[in-house]
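Hello,

Here is the structure we talked about. My notes follow below it.

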There are 2 protein chains.
Amino acid sequence: MGAEHVSILDGDLQDQQVAGYQSALGVTQTTTVTLPGIQTQSGFKFDTVDVNFLTLGKLSPERDNAILVCHGLSGNAHVAGSDPLTGRPGWWDLHVGPGKAIDTDKFFVIASNALGGCSGTTGPGSLDPRTGKPFGMTFPQVTIRDMVQVQAALLDHLGVEKLFAVIGASMGGMQALSWAVDLPARTRICIPIATCTAHSAMQIAFNEVGRRAIMADPDWNGGEYAESRFPSHGLAVARMVGHVTYLSELAMTRKFGRRRQASASDANQFSVESYLDHQGSSFVKRFDPNSYLYLTRAIDEFDLFGTAAPTEVLRGVQARFLVISFSSDWLYPPVQSRELVRQLKRAGTAVTYLNLETDYGHDSFLIENPPFADVLGHFLNGEHAPRPKSAGAPPVAEGI
Amino acid sequence: MGAEHVSILDGDLQDQQVAGYQSALGVTQTTTVTLPGIQTQSGFKFDTVDVNFLTLGKLSPERDNAILVCHGLSGNAHVAGSDPLTGRPGWWDLHVGPGKAIDTDKFFVIASNALGGCSGTTGPGSLDPRTGKPFGMTFPQVTIRDMVQVQAALLDHLGVEKLFAVIGASMGGMQALSWAVDLPARTRICIPIATCTAHSAMQIAFNEVGRRAIMADPDWNGGEYAESRFPSHGLAVARMVGHVTYLSELAMTRKFGRRRQASASDANQFSVESYLDHQGSSFVKRFDPNSYLYLTRAIDEFDLFGTAAPTEVLRGVQARFLVISFSSDWLYPPVQSRELVRQLKRAGTAVTYLNLETDYGHDSFLIENPPFADVLGHFLNGEHAPRPKSAGAPPVAEGI
């Protein structure tokens, strides 16, 4: 990718006024529905679960064109279209919309806020019906698989028996993998992006630093914070750690180098410092510190295979896979995707793997990225309505 | 290096009880001397400067065998020998001592705590003679070159006109480079290790996260903290960020993987989390948060060449260089050392470069590392008393 794509490289479109960017979908509005509860893997029973979700496009009469998009740590259900309040585009507006890689003219796109989140779905900030007070740290530990169970309940509610595809990056990719394994009959295509089957020690370490930063903030107060004493400093530091890991060194050098801020108040500050400060302080306006603790814990605990043999775990899988990694992603390095692909192949699963050469690190899936969009679009359209090979450049699969 | 070297891999020997390890030097004790003051690059004039230092070995009658060892961010003057209070070995005891790479039987080794530090040398925790209170954030911004100026005053005090060698890793490597450039007539050999001529945006970013963590701690209180309300949480988080960057992913995987703590109290904690927590909490017992801010700022601001042409800056350099980097060091990646070497060669400087294949990331210089010790020892001994080539395996220089 060339430097001309850097303009919206900011980790998360939510954090960013994207000058001149207009969503082709116009304003979109999420809905919250109360669904029958689930029992978590840890044994906690929710009587009901609220789920905030967005649908785009139309479910076909055959109900065979539904795509579930799963967000990462800091995402939400507002995947595309303009936010009615802020006017900002959804976090994947670049890739979801009419004629885009995930084409809302063809597909019925579903996105929901994850269980444990803080954007409308039941999470630690929700009221505990037993006490009438927010759960806080009494919220049960939830897992990636619990999140998938709630998504499945949403699909039941929407009348979708089988997904055409489940797509997700980072934490969303872990959900996609769990769909294929836990609900094989409901998953036709699985597209895990920039993710892994289990966090390494270093991935856990970065999350732990974020958690410690939050819990070290006295205003966190054991998870029982009032709006007037919100642990914004700790959450901001956690977000800053995250942002450093989302970018590649090259992207940072190109974007910031050793440049200084121009404004008088920040005269001595390096631009990269202002960037991180901004990312930290804008994040605290929209994210819940306890959710950050619970979601990162769910990510760290995720272990698709655990102590079982991968071939055993993958035995019942019916989905076809498109696995995507990014060459410059050092937080979820391509070697983890390669290992996943190796295991999928060993288990006899149909899998296409692409390690895309990009400069922008883990964030490569969030930014304008034509090769990524092409690959995603070709794969989905090819599977949806097979075309002759001459109709478009097919994705080039990397041999492994 | 094999797995058998992992035993003392803990980032900093100061933080670590090294089971069964005995320093060949026995107990060593640092001294503090009050020297004539300096004027900082920022224009501040210290009337006097206290310098905590340690010497090992004997200065030769010709005064030509002095080696200055410069510590990194969290180091101090206690480079080798056992601490009289804690019994712990100095931070480079593995490489400094009789018969070691930096051989105290041959060389007069000098180590001093850096200006701005918190282990006996004047820093933000020192009393401001104008007010009788600690400087805190009224301490002037100090630079790597200011630190070198103070080291030069110490050498004057010790009667050492010319250094046989100046050696340092990380922040210490920046000091070594400054010696060669700022005091060319006093520097015979310069050995910068795992360092760079100017921090990249990513290196600044990691330091900024640490600084923000400290300043976000309400007990930091603008730098005016009492012992009873010490910003230990913020400093611990800063140290945790640092430690994640000091290790390689492979080292972390080998050392921790996804293992859990065995103890009942930490039953659910990953070992890597306990490790980071321990590193954070032991650091706060020995380090000053304001020093952390000042030293990381000095590191980020360091720019050996600035806007000048490197050949101009290096024109007067008389030192011979041994530049060392580590293949798995992603905090100070080898590419930065290669670029330094390229510039030294362009300027006609005598330089040997080694990129050592190690698995332990930035910490590779702190741990048991025979190839590193061999290279260092051969270079110093070869320069000190040239031997026939057959007398030992010469270091293998990497072509660039």
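**Contact between two chains**

In helix α6(A), residues A:V272, A:E273 and A:L276 meet B:A201, B:I204, B:A205, B:E208 and B:V209 of α3(B). Contact here means that the C-beta atoms of two residues, placed from the backbone, lie within 7 Å. By class, this contact has six nonpolar, no polar and two charged residues. Nonpolar covers Ala, Val, Leu, Ile, Met, Phe, Trp, Tyr, Cys and Pro; charged covers Asp, Glu, Lys and Arg; the others, Gly among them, are polar.

The model is predicted: local features need pLDDT of at least 70 and side-chain atom pairs count only at pLDDT 80 or more, while totals for chains, interfaces and linings use all residues. Residues are numbered from 1 along each chain as its sequence is written, and chains are lettered from A and ligands numbered from 1 in the order in which they are written.

Helices (H or I, at least four residues) and strands (E, at least two) are DSSP runs, numbered from the N terminus.

**Sheet in chain B**

Eight strands of chain B form an open, mixed sheet in the order β1-β2-β6-β3-β9-β10-β11-β12. Strands pair if DSSP finds at least two bridges between them. The edge strands, β1 (31-36) and β12 (351-356) of chain B, each pair on one side only.

Regards
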